Number of protein chains: 2
Amino acid sequence: MTDPLDMVFAALADPTRRAILSMLLEDDMAVTDVAEPFEMSLAAISKHLSILSRAGLISQERRGRVKWCKLEPDALRAASVWMQGFGQFEPVNLDAFERFLAAELSPPDDHTPETGSPDPAG
Amino acid sequence: MTDPLDMVFAALADPTRRAILSMLLEDDMAVTDVAEPFEMSLAAISKHLSILSRAGLISQERRGRVKWCKLEPDALRAASVWMQGFGQFEPVNLDAFERFLAAELSPPDDHTPETGSPDPAG
DNA sequence: GCGATCGTCAACCGTTTGGTTGAATATGGC
DNA sequence: GCCATATTCAACCAAACGGTTGACGATCGC
């Protein structure tokens, strides 16, 4: 998978990664701190972060021992632009839209994965 | 994968499926007609369509022998809403944004998969 | 220098994905 | 009834995914 759009959407398809993005919306974080609320290993989180990084959704800067992760909203914005092309040729079908929203979809300001299955975004 | 957002983003992560969505932007199509520009088997396209359907991105209605595929932009719109939460807390970084756009990202009004690798959207 | 911390790498594992082929199940036209 | 058309199903395959564990390379504090 080499296509930027492929990588962005594939990165967003995982609830753990969406949760990480939501966390980074508040502040830059070290890898260890990103991993802390999740129940999986640090290595797993490290993999998720590298996927997000290759997709351009975050950047990582090493300072000393600590590698800081920073949200890069532009890749997301680009994908959003692509998607919006589909929504604008006709008025919103509110029924179907709200049916979809009701099934889930919490906006990205909720981002605290405190439960056993840490998934504020999914 | 049962989460709606998971399914929408996973569906969008494949260039063939994005191309199909772009084609359906113009008109409803039969499965066979959707498959025609692609180099893969009809069965493969049928699988792609069922993935798009389960994600809510298209609907399918059988009329006689023919199953018509119709774009359902609301699922896309919901995902777009989720994404836009990330882009709005700070002004657009135009440099990074255009760097991303330059790498690819043709808007969904180009949708003719005529080349060997049919991928108008990616 | 030494031990603790931070993070990645490598190897492995089970599941999912994206594709193939061939058979099967409608349906439509004559 | 028969054949062609439209679409899916089932079995298979290689590759990718999401996770684990254990070892490793840096870096910090003392």
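This is a predicted model: local features need pLDDT of at least 70, side-chain atom pairs count only at pLDDT 80 or more; totals for chains, interfaces and linings use all residues.
**Exercise 1. Describe the fold of chain A: how many helices and strands does the chain have, and in what pattern?**

Step 1. Take the elements. Chain A has six helices and three strands.

Step 2. The pattern reads α-α-β-α-α-β-β-α-α.

Step 3. Chain A has 122 residues, and 50% of them count as buried.

Step 4. Check how far contacts reach along the chain. Take contacts in chain A between residues at least 6 apart in sequence. Of these, 54% join residues at least 24 apart.

**Exercise 2. Work out the sheet of chain A: what is the strand order, and which helices pack on the sheet?**

Step 1. Find the order. The three strands of chain A form an open sheet, E1-E3-E2, with antiparallel pairing.

Step 2. Identify the edges. Strands E1 (29–30) and E2 (58–63) of chain A each pair on one side only, which makes them the edge strands.

Step 3. Look at one pairing. E2(A) and E3(A), the latter spanning residues 66–71, run antiparallel and are joined by six bridges. Within this pairing, Lys67(A) in E3(A) stands opposite Arg62(A).

Step 4. Place the helices. Helix H2 of chain A (residues 15–26) packs on the sheet and touches E1, E2 and E3 of chain A. The direction of H2(A) makes about 90 degrees with that of E3(A). Helix H4 of chain A (residues 42–54) also packs on the sheet, touching E2 and E3 of chain A. The direction of H4(A) makes about 120 degrees with that of E2(A).

**Exercise 3. Trace the strand pairing in chain B: which strands pair with E3(B), and over how many bridges?**

Step 1. Start with E1(B), residues 29–30. This strand pairs with E3(B), residues 66–71, in the antiparallel sense over two bridges. Ala30(B) faces Trp68(B) of E3(B) there.

Step 2. Move to E2(B), residues 58–63. E2(B) and E3(B) pair over six bridges, again in the antiparallel sense. Arg62(B) has Lys67(B) as its bridge partner in E3(B).

Step 3. Inspect the turn. Two residues separate E2(B) and E3(B), which form a hairpin. Gly64(B), in the turn, has a positive phi of about 70 degrees.

**Exercise 4. Characterise the protein surface near DNA strand C: which element gives the most residues?**

Step 1. Sort the residues by type. The surface has 10 nonpolar, five polar and eight charged residues.

Step 2. Assign elements. H3 (31–35), H4 and E3 of chain A and H4 (42–54) of chain B each supply at least two residues. H4(B) gives the most, with five residues.

Step 3. Pick out polar contacts. To a base oxygen, a polar side-chain atom of Arg65(A) lies at 3.1 Å. A side-chain N or O atom of Lys47(B) is 2.4 Å from a base oxygen. For Ser41(B), a side-chain N or O atom is 2.8 Å from a phosphate oxygen.

Note on methods. Residues are numbered from 1 along each chain as its sequence is written. Chains are lettered from A and ligands numbered from 1 in the order in which they are written. Side-chain values use heavy atoms; hydrogens and water are left out. Two strands pair if DSSP finds at least two bridges between them. Helices (H or I, at least four residues) and strands (E, at least two) are DSSP runs, numbered from the N terminus. Contact means heavy atoms within 4.5 Å. Axes are lines fitted to C-alpha atoms, for helices over the stretch in contact, and angles run from 0 to 180 degrees between N-to-C directions. A polar contact is a pair of N or O atoms within 3.5 Å; within protein, one must be able to donate a hydrogen and the other to accept it, and residues adjacent in sequence count only if both atoms are side-chain atoms. Ala, Val, Leu, Ile, Met, Phe, Trp, Tyr, Cys and Pro count as nonpolar, Asp, Glu, Lys and Arg as charged, and the others, Gly among them, as polar. Buried means under 20% relative accessible area, exposed over 50%, partly exposed in between (1.4 Å probe, protein chains only).
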